[in-house]
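Keep the viewer open as you read, and follow the residue names as they come up.

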There are 2 protein chains.
Amino acid sequence: MQATDPTLADLARALSHPARVRILRLLQATPGCIGGDIVGALGLAQSTVSEHLRILKAAGVITGEIAGPRICYALNPAALAPLAAFIAALEPADGPCCLPQACAPSHRKSSES
Amino acid sequence: MQATDPTLADLARALSHPARVRILRLLQATPGCIGGDIVGALGLAQSTVSEHLRILKAAGVITGEIAGPRICYALNPAALAPLAAFIAALEPADGPCCLPQACAPSHRKSSES
DNA sequence: TTCGTCTATCGTCGATAGGCGATTGATGCG
DNA sequence: CGCATCAATCGCCTATCGACGATAGACGAA
């Protein structure tokens, strides 16, 4: 079963801004909770960052959990599964499914940006 | 090696419209060349479809090859590899990114929304 | 309670995207 | 050659996005 075109487009739209890509990278690199630190890391206004977080949350890519005075944002990679499946389905059968470094995400290398 | 944030955002932007997702699906389902048939299938104006094709071509997702009076559009899935790798890298370490049979598009979890 | 901090929302502005019709350029056919 | 067809481009308009500052709400600490 494949997701509908608008759904896929909506997921892709959530990733279609450099700031949002960076937010996802920050969340991936941060083991615990992260809140307003995102604002400092991005160099954008707090309201702008909040808007990006809202878009990501609306797409289901991240989850926001209230943790006292802050908010614990966490990745929800399962939400991107339909998009990943769609991209994978475009690959020809003989094509490479997985880049080498993507196949083993258990630990990261220092060559990470 | 990971692509830069703007590059990933640009790839995602190419997929961030239902019409473009549908175009990719059509190209995938069409074994041979396809030209103005896309216009009929999408129900949009010819100029609009041409613009979407131009965007997809600019992103490198498709290639246009002149074949006589028509144009042969073909998928170029390799262009989406950085985006696929990025999505795969977001997966938490708890889940394997790419088991041999998981390389098929059926790569999803039960927590699907 | 009052204060300070953190996040979400509102209003506004400029920039961009998306849609269309009309036009233009290239190509093959009669 | 002249015509028909297909794709690309142009000009225009509307809708949406992205950014910001200002403000409001929620919460813990004092």
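## Ground rules

Helices (H or I, at least four residues) and strands (E, at least two) are DSSP runs, numbered from the N terminus. This is a predicted model, in which local features need pLDDT of at least 70 and side-chain atom pairs count only at pLDDT 80 or more, while totals for chains, interfaces and linings use all residues. Residues are numbered from 1 along each chain as its sequence is written, and chains are lettered from A and ligands numbered from 1 in the order in which they are written.

## Chain A in outline

Chain A has six helices and two strands, and from the N terminus on its elements run α-α-α-α-β-β-α-α. Of its 113 residues, 30% count as buried (20 or more other C-beta atoms within 10 Å of a residue's own; 12 or fewer is exposed, in between is partly exposed; C-beta atoms are placed from the backbone).

A contact here is a pair of residues whose C-beta atoms, placed from the backbone, lie within 7 Å. Among the contacts in chain A with a separation of 6 or more, 53% are between residues 24 or more positions apart.

## Around DNA strand D

A residue is near a strand if its C-beta atom, placed from the backbone, lies within 6 Å of it. How many residues surround DNA strand D? There are 22, and the closest are A:Ser47, A:Thr48, B:Gly35, B:Gly36 and B:Ser47.

Helix 4 (46–58) of chain A, helix 4 (46–58) of chain B and strand 2 (70–75) of chain B each supply at least two residues of this surface. Helix 4 of chain B gives the most, with six residues. By class, the surface near DNA strand D has seven nonpolar, 11 polar and four charged residues (Ala, Val, Leu, Ile, Met, Phe, Trp, Tyr, Cys and Pro count as nonpolar, Asp, Glu, Lys and Arg as charged, and the others, Gly among them, as polar).

## Around DNA strand C

Turn now to the other strand. DNA strand C is surrounded by 21 residues, and the closest are A:Gly35, A:Gly36, A:Ser47, B:Ser47 and B:Thr48. Helix 4 and strand 2 (70–75) of chain A, together with helix 4 of chain B, each supply at least two residues here. Helix 4 of chain A has the largest share, six residues. The surface near DNA strand C divides into eight nonpolar, 10 polar and three charged residues.

Two packed helices are described by the angle between their axes and the distance between the axes. Axes are lines fitted to C-alpha atoms, for helices over the stretch in contact, and angles run from 0 to 180 degrees between N-to-C directions. Angles under 35 degrees count as roughly parallel, over 145 as roughly antiparallel, 65 to 115 as roughly perpendicular and the rest as oblique.

In chain A, the axes of helix 2 (residues 18–29) and helix 4 come within 10 Å and cross at roughly 75°, so these two helices are roughly perpendicular to each other. A:Ala19, A:Arg20 and A:Ile23 in helix 2 of chain A meet A:His52, A:Leu53, A:Ile55 and A:Leu56 in helix 4 of chain A. In chain B, helix 1 (residues 5–14) and helix 5 (residues 81–90) pack at about 105° with axes 9 Å apart, and they too are therefore roughly perpendicular. Here B:Thr7, B:Leu8, B:Leu11 and B:Ala12 in helix 1 meet B:Pro82, B:Leu83 and B:Phe86 in helix 5; by class, that contact has six nonpolar, one polar and no charged residues.

## The hairpins

Strands pair if DSSP finds at least two bridges between them. Strand 1 (residues 62–67) of chain A pairs with strand 2 of chain A in the antiparallel sense over six bridges, and A:Ala67 stands opposite A:Arg70 in strand 2. These strands form a hairpin with two residues between them, and A:Gly68 in the turn has a positive phi of about 70°.

In chain B, strand 1 (residues 62–67) and strand 2 pair in the antiparallel sense over six bridges. B:Gly68 takes a positive phi near 70° in that hairpin.

## Two buried residues

B:Ile62 is found in strand 1 of chain B and stands opposite B:Leu75 in strand 2. Why does B:Ile62 count as buried? Because 22 other C-beta atoms lie within 10 Å of its own. Leaving aside neighbours within four places in sequence, its contacts include B:Leu27, B:Leu56 and B:Tyr73.

A:Val21 lies in helix 2 of chain A and is buried, with 23 C-beta neighbours inside 10 Å. Not counting residues up to four places away in sequence, A:Val21 touches A:Leu15, B:Asp5, B:Leu8 and B:Ala9.

Definitions and conventions. Two residues are in contact if their C-beta atoms, placed from the backbone, lie within 7 Å.
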